[in-house]
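Here is a short tour of a protein model, written for someone who likes to have the structure open while reading. Let's look at charged pairs, then at cores and helix packing.

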Amino acid sequence: MQSAISSASLMRADRYAVTPDLPMFPGVEVAGITERAGSGADHSLISKRVAVPLFAIVRGSGGYAEFVAVDGGAVVTLPDAVSFEVAAALMVQGLTALHLLRRGPVKGKIVLVNAAAGGVGSLLLQLARRDGAKMVIAAASSDEKRALSLSLGADHAADYTAPGWQEDVKRLNGGLGADIIYETVGGAFSTAALDALAPCGELVLAAMGRFGLEAADVEHMLDDNQSIKGFSLLPLPTPQGAQEDLAALFELAAAGALTVIDGGCFPLHQAPEAHRAIEEQRAVGKVVLMP
């Protein structure tokens, strides 16, 4: 069984939107083969390739394991063309990208995706393109990551660690900036992103609990008729909705219409090293644990 990580790393550092009670076993995205079915369960699922979004069935932990017991109604069957690694990578981050786009229409707009080579960002820029964005600008911290973002369909790429990067973004829209910015990095980058936001633009803030905006920043936004939209995934997916959305994402991946970046696989016993790879920004895409 494969288990994906990202939120677990933030939880361990107490930087996530939810602080779990201890003791706990991390992991909320699992994919594998159904080994057994209990009484009353659908026995046709035995030996089937499935994925389970534990977070969508109010299970905030338990994925870092060789076996996981879940209600049979919670599983999503996988197309043959979708690997367990891809399935694990698409759950939290795929649903995050979908629900971020549902915060407001992107058709005909210029959007900027921060951390565009990450698990969420790489999916978000592809889905924004599918939803009809006029221009997708990828912001990433290295040449490699910017090149990756462009290969996934971004129109332009900016180095959000370089001084004055916001001016480059503004020039792409006649000096105005992006209509929508998806901000997932947090800290000082949240404030810096405001300088790349067009008047009447929207800052969709997914770095809840770790953004760097102050009262003066918000006041300046109000003067420019700009708005902030908060984002937290956990309250949004219902069990049925998550199943339907994941099935759609899996089909896109199976058809080659959605590329999932392989962030690397680590054995389960090397989970600490996997966390370090994420925290030190050595990984792109989604990191997956394998028992």
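E202 is buried, because its relative accessibility of 16% falls under the 20% cut-off. In this predicted model, E202 forms a salt bridge with K229. The pair links distant parts of the chain, as E202 sits in strand β9 and K229 in strand β10, 27 residues apart.

By the rule used here, there are eight salt bridges.

D143 and R146 share helix α5, three residues apart, or about one turn of the helix. D143 is exposed at 62% relative accessibility, whereas R146 is buried at 14%. These two residues also join D159 in a network of salt bridges. In helix α6, D168 and R171 are likewise three residues apart; D168 is partly exposed at 40% and R171 is exposed at 56%.

Now for the nonpolar side. The largest nonpolar core has 61 residues, and Y182 and F250 have the most contacts inside it. Among the residues that F250 touches are A51, V76, L78 and L90. A second, separate core of 20 residues includes Y160 and L203.

How do helices α3 and α9 pack, and at what angle? Their axes lie 10 Å apart at an angle of about 100°, so the two helices are roughly perpendicular. G94, L95, L98 and H99 of α3 meet A242, D245, L246 and L249 of α9. By class, this contact has five nonpolar, two polar and one charged residues.

Conventions
Residues are numbered from 1 along each chain as its sequence is written. This is a predicted model: local features need pLDDT of at least 70, side-chain atom pairs count only at pLDDT 80 or more; totals for chains, interfaces and linings use all residues. Side-chain values use heavy atoms; hydrogens and water are left out. Axes are lines fitted to C-alpha atoms, for helices over the stretch in contact, and angles run from 0 to 180 degrees between N-to-C directions. Helices (H or I, at least four residues) and strands (E, at least two) are DSSP runs, numbered from the N terminus. Angles under 35 degrees count as roughly parallel, over 145 as roughly antiparallel, 65 to 115 as roughly perpendicular and the rest as oblique. Contact means heavy atoms within 4.5 Å. Ala, Val, Leu, Ile, Met, Phe, Trp, Tyr, Cys and Pro count as nonpolar, Asp, Glu, Lys and Arg as charged, and the others, Gly among them, as polar. A nonpolar core is a set of buried Ala, Val, Leu, Ile, Met, Phe, Trp, Tyr and Cys residues joined through side-chain atoms within 4.5 Å. Buried means under 20% relative accessible area, exposed over 50%, partly exposed in between (1.4 Å probe, protein chains only). A salt bridge is a side-chain nitrogen of Lys or Arg within 4 Å of a carboxyl oxygen of Asp or Glu. Lists of a residue's contacts leave out its neighbours within four places in sequence.
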